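Subject: Two-chain model, handover and notes

Hi,

Here is the structure I promised to send over. My notes follow below it.

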2 protein chains.
Amino acid sequence: MNTLHIIGVGLIGGSFALDVKMQRPGVRIFGIDENSDHLEKAKELNIIDDTAQIEDLNDAEVVILAIPVDATVELMPEILDRVHDDALVIDMGSTKEEICVKVKDHPKRRNFLAAHPIAGTEFSGPTAAIHNLFRGKTNIICEVEETGFKLQEKAMSLFKDLGMRIRYMKPKAHDKHIAYVSHLSHISSFMLGKTVIEKEKNERDIFDMAGSGFESTVRLAKSSPDMWTPIFKQNKTNVIETLNEYICNLENFKQLMEQEDFEGIYKEMQNTNYIKKILKGIE
Amino acid sequence: MNTLHIIGVGLIGGSFALDVKMQRPGVRIFGIDENSDHLEKAKELNIIDDTAQIEDLNDAEVVILAIPVDATVELMPEILDRVHDDALVIDMGSTKEEICVKVKDHPKRRNFLAAHPIAGTEFSGPTAAIHNLFRGKTNIICEVEETGFKLQEKAMSLFKDLGMRIRYMKPKAHDKHIAYVSHLSHISSFMLGKTVIEKEKNERDIFDMAGSGFESTVRLAKSSPDMWTPIFKQNKTNVIETLNEYICNLENFKQLMEQEDFEGIYKEMQNTNYIKKILKGIE
């Protein structure tokens with residue numbers, strides 16, 4: 001790999017660029033972004049070597065898309081139209097079904113790889129880019145068999161250099177499960193933040209009472225609405241299902257409280273402590 | 001201060017002991033705990049110098065209670081009965097109204113200080129005790145005027161040595177606000193953990209998909225039911241109120257999703273991003 005084009009030089013695209021630079025210093029990295037401030041900042045921070053335009057993609061060898069998922073779906077056909085036959089185009093978005101359906105019959109489908117690296121922070125933009133964001137993280141690849149074999153190999157070698165472990169899934173299954181382990185977490189966090197802000201808006205001092213527990217449960221409420229609105233839109237059905245189940249569990253907990261069934265409350269918490277085991281598996 | 005008796009040598013009591021040992025190496029620390037394994041472990045880890053019994057409190061100079069809040073309410077009158085007139089007894093529990101009501105008319109009320117250090121982790125027991133847990137954290141003192149003046153001074157000097165900043169509140173206000181910034185966070189986290197575990201119980205691999213976002217929102221679901229059940233019991237009314245508001249906000253978010261009002265979803269998230277400012281205040 002001699003060149004890399006990154007569309008979207010924010011947290012994900014920028015962090016990807018930083019690690020490629022470190023692992024493969026010979027690669028020349030071009031940034032494409034409709035936000036010219038971001039582009040400038042990314043160059044200033046040495047995240048990219050140079051800026052480029054969509055029109056330059058004819059010569060691209062590897063293209064990474066790390067932009068909001070609605071923009072990805074809109075832009076992908078044009079990108080595939082432009083790139084040459086040996087180019088590899090990788091999408092890193094948090095939903096996979098809509099993009100896979102969109103390019104299903106594209107003549108250059110084999111040039112596309114659908115990926116979702118489970119990595120990120122609550123920050124955004126090029127200043128949020130950090131080294132080793134992807135190291136040890138899971139990268140979910142969807143419909144791998146639809147990507148050309150040599151291009152699969154090229155992508156895997158790149159992901160391996162960045163320290164990612166690979167899992168293969170169907171897009172439908174990806175979107176369904178990711179709704180539970182990622183999308184619902186964001187909503188629970190946003191609504192927790194909202195509940196507390198609403199209640200305490202006239203009592204700023206109250207946040208002096210907030211400790212690290214509150215901080216960790218509302219951390220995701222700092223996330224970018226630009227990124228998350230299209231994710232919720234594309235994964236609407238699954239997200240609504242998770243919300244129904246979450247609300248139902250909260251209602252049940254409330255009912256136990258109202259009935260003063262504190263033995264029941266104890267059991268709820270004890271059973272959920274099982275999450276310790278699960279999280280140990282993640283670490 | 002020459003001696004310190006700590007009732008409950010777990011995360012809070014143990015961490016308190018560790019810091020007192022560091023700041024005031026001359027103080028002899030006695031541990032009291034109905035769990036003899038914990039006592040033994042605390043001694044082995046040099047958290048306490050020696051073990052003691054409730055009966056030994058006649059000679060106690062400063063007594064710290066760091067046990068579940070129901071046990072505190074049950075035990076406090078007996079402790080106050082036992083200690084001498086110059087002793088200082090500090091409760092560190094997460095609810096303050098019930099304990100303040102309980103000792104309201106106790107002849108030794110002036111020996112008692114109601115405190116709530118907003119510090120902790122999701123772990124418990126003496127092995128969870130860590131240095132500097134309280135440094136830079138808020139310590140909420142309730143009904144300070146009910147504590148003897150010299151004993152107030154003694155407590156403040158101790159808290160200062162441990163690096164805590166002090167805030168004064170009435171017990172009712174404390175319990176109401178802490179329901180939002182702490183108790184609700186725990187329930188939202190427990191129920192998130194429950195929702196995901198229920199859904200994914202037969203698909204362990206799915207947790208490979210969970211990233212740091214999920215991990216941080218369910219962190220509190222590792223917390224001890226022994227500690228949290230009595231807290232929810234004592235703060236029932238406030239907790240139910242926060243739950244109602246939280247569920248209502250989640251229902252509203254779900255409705256926006258169902259109506260495909262993604263502009264509304266965007267605004268919800270954008271408004272809640274205000275939490276960034278608030279959290280900056282906490283750090």
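Through which surface do the copies meet? They meet through the same surface, because 100% of the interface residues of chain B are also interface residues in chain A. Please keep in mind that this is a predicted model.

**Symmetry**

Chain B superposes on chain A by a rotation of 180°. The shift along the rotation axis is 0.0 Å, and the RMSD is 0.0 Å. The two copies are thus related as by a two-fold rotation axis. Within chain B, Thr217(B) has the C-alpha nearest that axis, at 2.2 Å.

**The interface between the chains**

Chain B gives 79 residues to the contact, and chain A gives 79 residues. On the chain B side, several elements each supply at least two residues. They are β7 (138-142), α6 (171-200), α7 (212-218), α8 (225-234), α9 (236-258), α10 (262-272) and α11 (275-282). The largest share of this side is from α6(B), with 21 residues. By class, the side of chain B that touches chain A has 41 nonpolar, 21 polar and 17 charged residues.

**α9 against α9**

Helix α9(A) packs on α9(B) with the axes 10 Å apart. The angle is about 160°. With angles over 145 degrees counted as roughly antiparallel, α9(A) and α9(B) are therefore roughly antiparallel to each other. Their crossing is left-handed.

The residues that meet are these:

- From α9(A): Lys236(A), Val239(A), Ile240(A), Leu243(A), Tyr246(A), Ile247(A), Leu250(A), Glu251(A), Lys254(A), Met257(A) and Glu258(A).
- From α9(B): Lys236(B), Val239(B), Ile240(B), Leu243(B), Tyr246(B), Ile247(B), Leu250(B), Glu251(B), Lys254(B), Met257(B) and Glu258(B).

This contact of α9(A) with α9(B) has 14 nonpolar and eight charged residues, and no polar ones.

**α6(A) against α9(B)**

Helix α6(A) also packs against α9(B). Here the axes are 9 Å apart, at an angle of about 125°. The two helices α6(A) and α9(B) are therefore oblique to each other. The crossing of α6(A) and α9(B) is right-handed.

On the α6(A) side, the contact uses Ile187(A), Met191(A), Leu192(A), Lys194(A), Thr195(A) and Lys199(A). On the α9(B) side, it uses Thr242(B), Glu245(B), Tyr246(B), Asn249(B), Leu250(B) and Phe253(B). By class, that makes six nonpolar, three polar and three charged residues.

**α6 against α9 within chain A**

How do α6 and α9 of chain A cross? Their axes come within 9 Å, and the angle is roughly 60°. So α6(A) and α9(A) are oblique to each other. Their crossing is right-handed.

Helix α6(A) contributes Asp175(A), Lys176(A), Ala179(A), Tyr180(A), His183(A), Leu184(A), Ile187(A) and Ser188(A). Helix α9(A) contributes Asn238(A), Val239(A), Thr242(A), Leu243(A) and Tyr246(A). The contact of α6(A) with α9(A) holds seven nonpolar, four polar and two charged residues.

**Domains of chain A**

The contact between them takes 16 residues from domain 1 and 16 residues from domain 2. On the domain 1 side, α3 (69-82), α4 (97-103) and β7 (138-142) of chain A each supply at least two residues. That side of domain 1 has six nonpolar, four polar and six charged residues.

Best wishes

Terms used
Residues are numbered from 1 along each chain as its sequence is written. Chains are lettered from A and ligands numbered from 1 in the order in which they are written. This is a predicted model: local features need pLDDT of at least 70, side-chain atom pairs count only at pLDDT 80 or more; totals for chains, interfaces and linings use all residues. Axes are lines fitted to C-alpha atoms, for helices over the stretch in contact, and angles run from 0 to 180 degrees between N-to-C directions. Helices (H or I, at least four residues) and strands (E, at least two) are DSSP runs, numbered from the N terminus. Angles under 35 degrees count as roughly parallel, over 145 as roughly antiparallel, 65 to 115 as roughly perpendicular and the rest as oblique. A crossing is left-handed if the near helix is turned anticlockwise from the far one by less than a right angle, and right-handed if clockwise. Two residues are in contact if their C-beta atoms, placed from the backbone, lie within 7 Å. Ala, Val, Leu, Ile, Met, Phe, Trp, Tyr, Cys and Pro count as nonpolar, Asp, Glu, Lys and Arg as charged, and the others, Gly among them, as polar. Copies are superposed by least squares on the C-alpha atoms of residues with pLDDT of at least 70 in both.
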